[in-house]
There are 2 protein chains.
Amino acid sequence: MDVNEFREFAKATIDYIADYHENIRDKQVLPDISPGYIKDKVPSDPPKEGEHWGNLLKDVNDVILPGLTHWQSPNFYAYYPASYSFPSVVGDLLSTGLGCVGLNWITGPAITELEVVMMDWLGKMLDIPLAFLNCSEGPGGGIIKGTASEATLVCLLAAKDKTVRRVKTLRPDLCDSDIKGKLVAYSSDHSNSSIEKAGLIGSVPMRLLLSDDEGRLNPQFLKEAIEQDLKLGLFPCYVVATLGTTGTCSFDNLQEIGPICEEFNVWLHVDAAYAGAAFVCPEYRYLKNGLEYAESFNFNAHKFMLINFDCSILWVKNAFNLINAFTVERPYLKHEYDSAPEYMHWQIPLGRRFRALKLWFMIRTYGVEGIRKYIRKQTGLINYFSEILKKDSRFEVCCKNLALLCFRVRGDDNLTKMLLNKLYERKQIYVISYTYKKNTVIRFSINSNECSEADLHFAYTEISNQVDDILNKNFIVITKEVNFKIEFDKSMELENIH
Amino acid sequence: MDVNEFREFAKATIDYIADYHENIRDKQVLPDISPGYIKDKVPSDPPKEGEHWGNLLKDVNDVILPGLTHWQSPNFYAYYPASYSFPSVVGDLLSTGLGCVGLNWITGPAITELEVVMMDWLGKMLDIPLAFLNCSEGPGGGIIKGTASEATLVCLLAAKDKTVRRVKTLRPDLCDSDIKGKLVAYSSDHSNSSIEKAGLIGSVPMRLLLSDDEGRLNPQFLKEAIEQDLKLGLFPCYVVATLGTTGTCSFDNLQEIGPICEEFNVWLHVDAAYAGAAFVCPEYRYLKNGLEYAESFNFNAHKFMLINFDCSILWVKNAFNLINAFTVERPYLKHEYDSAPEYMHWQIPLGRRFRALKLWFMIRTYGVEGIRKYIRKQTGLINYFSEILKKDSRFEVCCKNLALLCFRVRGDDNLTKMLLNKLYERKQIYVISYTYKKNTVIRFSINSNECSEADLHFAYTEISNQVDDILNKNFIVITKEVNFKIEFDKSMELENIH
């Protein structure tokens, strides 16, 4: 393919993408296919000779489209958003198109340097403590990672390394592996599964403490757990608090958790994967009060800030904690912070994409006010939907935070389960379930940028019709056999995936 | 930005990228800037209001381009290639443009299913053992990861988990943390730094064994090290062999290493990050003889197979080893292998980009023969350059493998160091150094797809002129003061980065 064919092919693909978005409402949000569907559509062996690009977009239409779940459809209310914006798509395209990769600074100075500035822009937009910014005096700074899973793991490893070094000075009788075998970390049982996975990977047991009724980490339980573990001779090293849990978008109270971490010298990591973006709006900033206690703070620009996957932002108060944990040749010499950081020592992989470009393009095109407008539109829509549900006595809105709400059908839990089953079978809107205060609830998250009040009426009508159907057909079954167990597809359960 | 502005902006960006490539030789491969250069060019605060996209490409030109190291320039001979092809760029664009993310199967069936088929296509192209393929009977399979660092780490963690479970059945007196504290892994001192980093992150000491003169893992040393460690009561669990080392593209002998791993029940992981792609050509396949002993095999399609970063391919013989290590809720139930795998349980992050699209587009456009032609063109060019150097008695070609060679200036080591310094100051071609048989050598890797014989003559002329200059000016210094120490920029040393 020469450069002129590239121009032609790439521009045809731009039109394909634009058309896809313009006609997104025509596509059923969930596909009508079964596992293994692609085997009949794609040859089992690679082609010996190349073919003209003209066939490719046709095959995308015939082979790929029928097997896609349409995350950008207004009818996709499952999980949290896979963020999207046109300038971000173009920024990502440019990054790929230039074909540059960042290792150390000299292999791509602009890659590192634009990232440094973008991390400061974002930090200022979210009004986080100055100590996290690259432009501050101290050793703090921000970096783009792929996912929150990576951010949580990286900080756990840094906390582990830091704790081992601290304990060694206090207890010179212990060797590294003795100390490592006695480290312990904490989070709530409503935190994302990636938190538990980080403990598993980093070989630090992650105690998932019982959260309160609203899904928040209970500070008293945390304190007791740390005290218990200290008595057992263990070394508490890492606490993960969540701002905006995956299930119900609950907010842990950092003002209460922070002082406990400070008292016991434990690294506090704050996971705001979804909710972090909302702090761009001053009216939501109270939810992060106490963030000054955190050693590290993470949010996914690819969840609720118009940036395409992947783009997870991590700030730390002291980058040397990462550098000391990840650098094979450990640089204990003071790094000059007025020059550029070597991000390769802040992360697991060595190479890096030029992900700052998509942030630069999006922020400049939207402006801070434009991003606020987007966040407020999405949270406004959830309020609108909540009002629709509240007017219908069959439904109970159980909780509502930012652009997420959870609701259920009043009465027996099986009604909600049957509703989920029907919605999933019909594939007209995509929602998933969660367990809230021992009840099955339907998580409903405003995800698509295109979502409108009309789309919410469509969703409500779909839900309402299915409930009509269930209540008409099953009233007797339900009232007579309260313990009748409804089995529903595992893939609808958030607990099974998130 | 509405969809019509997107069409306009994205197409302008396509032209920008195409023009960039058409004029790549006009750009100095290394930039003329100092750390922190961007601060004067980008505002320190984000804009309040959005602006028209028309300004963005102009600013890319003014702010980003002057700070880029041009990986796609034919004058970029450092590291290994950052692979590039136009169909791969378009495949990546489509992935971003559709805005779909893979979690479990139902969130993007086509994302998983196309990946399953592409892994088989690649496995067949590279002629790897059938047991690694998704289409084989057993529990083997392939997955796309971001980087080789991730692949090595993931397999180390799986090997760790597997070994702990194995040892527990033999030694029920030991608890998990006792066993974990006694695990040990092995590689050669010429393996990539990411191998050592994997040990650091996974808390398994990585013994880097002295390699032979050619940079190959010494099988005898490996056997002795394992036996020593067993005597000390340790549990050997993981060996990483390299096909195509980062420094000199040396090949460990799997036929000798494999039986040792088998004898001691140790997981053999084969890292062929760069060289793996070459196995698409039958004439290079003998270099992977013995691969049947490996439990896992990794190569970077983003290094030497025309796929843009990131796209690292990992195959394992038994996916349950990954699933058991990474699944928070462990599914010991037999998975149906004739349906689709749940890749989220094979990796650290939860979310996944649709990276199979760029593989599909590239392989179909090039065909297997087209990819072979590309590999042979690049290896042919290194032979051509080797012949040029050999005709000049001032140079010694120290080693040559695939599309990489290492050479030095005959005589005192300082001559080569001075040459490196001059090349780095002049920024006309980009090479880096390595230490080979105790001498400083210049690594010269054919990277750009556009590289031609004419470009190699340009590189040779640049090198030759600088050597002329050094020999004329420094002949007396060099011959009189053999121990005169030349300090050269650390960022030129591969050891400092790779």
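Buried area is the accessible area that two parts lose on being put together, summed over both. In this predicted model, chain A and chain B bury about 11,800 Å² between them, with 69% of that area on carbon and sulfur atoms.

**Interface of chain A and chain B**

- The contact between the two chains draws on 128 residues from chain A and 128 residues from chain B.
- Between chain A and chain B there are 16 salt bridges, and 60 residue pairs are in polar contact, both residues being at pLDDT 80 or more.
- On the side of chain A that touches chain B, the elements giving two or more residues include helix H1 (3-22), helix H3 (86-98), helix H5 (148-170) and helix H12 (356-390) of chain A.
- H1(A) supplies the largest share of that side, 16 residues.
- One salt bridge joins Lys124(A) to Asp45(B), with the closest N and O atoms 3.4 Å apart.

- Thr13(B) is located in helix H1 (residues 3-22) of chain B.
- Thr13(B) counts as buried because its relative accessibility is 0%, and the cut-off for buried is under 20%.
- Apart from neighbours within four places in sequence, Thr13(B) is in contact with Val90(A), Leu93(A) and Leu94(A) of chain A and with Leu57(B) of chain B.

**Domains of chain A**

- Chain A is divided into domain 1 (3-68), domain 2 (101-353) and domain 3 (362-496).
- The C-alpha centres of domain 2 and domain 3 of chain A are 32 Å apart, and their contact takes 27 residues from domain 2 and 24 residues from domain 3.
- Domain 2 and domain 3 of chain A bury about 2,300 Å² between them, 71% of it on carbon and sulfur atoms.
- Within domain 2 of chain A, the residues that lose the most area to domain 3 of chain A are Thr248(A), Phe304(A) and Leu306(A), which together make up 29% of what that side buries.
- Two salt bridges are found across the interface of domain 2 and domain 3 of chain A, and 11 residue pairs there are in polar contact, both residues being at pLDDT 80 or more.
- Helix H4 (residues 109-126) of chain A gives four residues, the largest share of the side of domain 2 that touches domain 3 of chain A.
- Glu283(A) and Arg376(A) form a salt bridge in which the closest N and O atoms are 2.7 Å apart.

**Nonpolar core**

- In soluble globular proteins, nonpolar side chains tend to be buried together.
- The largest nonpolar core has 379 residues, of which Phe444(A) and Phe444(B) touch the most other members.
- Beyond four places away in sequence, the residues that Phe444(A) touches include Tyr77(A), Ile382(A), Phe385(A), Phe407(A), Val431(A), Leu456(A) and Ile463(A).

**Salt bridges within a chain, and a network**

- Over all chains, the whole structure holds 59 salt bridges.
- Asp469(A) and Lys422(A) meet through their side chains in a salt bridge of 2.7 Å, N to O.
- This pair links distant parts of the chain, with Asp469(A) in helix H14 (residues 453-480) and Lys422(A) in helix H13 (residues 413-426) of chain A, 47 residues apart.
- Asp469(A) counts as partly exposed because its relative accessibility is 25%.
- In chain B, Asp92(B) forms a salt bridge with Arg353(B), the closest N and O atoms being 3.0 Å apart.
- Asp92(B) lies in helix H3 (residues 86-98) of chain B, while Arg353(B) lies in the loop between helix H11 (320-326) and helix H12 (356-390) of chain B, 261 residues apart.
- Asp92(B) is buried at 3% relative accessibility, and Arg353(B) is buried with a relative accessible area of 5%.
- Asp92(B) and Arg353(B) belong to a network of salt bridges that also links Lys358(B), Asp92(A), Arg353(A) and Lys358(A).
- Asp212(B) and Arg216(B) also meet in a side-chain salt bridge, at 3.0 Å from N to O.
- Asp212(B) is partly exposed at 25% relative accessibility, and Arg216(B) is partly exposed with a relative accessible area of 34%.

Terms used: Residues numbered from 1 in each chain as written. Chains lettered and ligands numbered in written order. Predicted model: local features only at pLDDT ≥ 70, side-chain atom pairs only at ≥ 80, totals over all residues. Heavy atoms only, no water. Core = buried A, V, L, I, M, F, W, Y, C linked by side-chain atoms within 4.5 Å. Buried < 20%, exposed > 50% of the residue type's maximum accessible area, 1.4 Å probe, protein only. Contact = heavy atoms within 4.5 Å. Domains from an automatic or database assignment. Buried area = accessible area lost by both parts, 1.4 Å probe. Salt bridge = Lys/Arg side-chain N within 4 Å of Asp/Glu carboxyl O. Polar contact = N/O pair within 3.5 Å; in protein donor to acceptor, adjacent residues only side chain to side chain.
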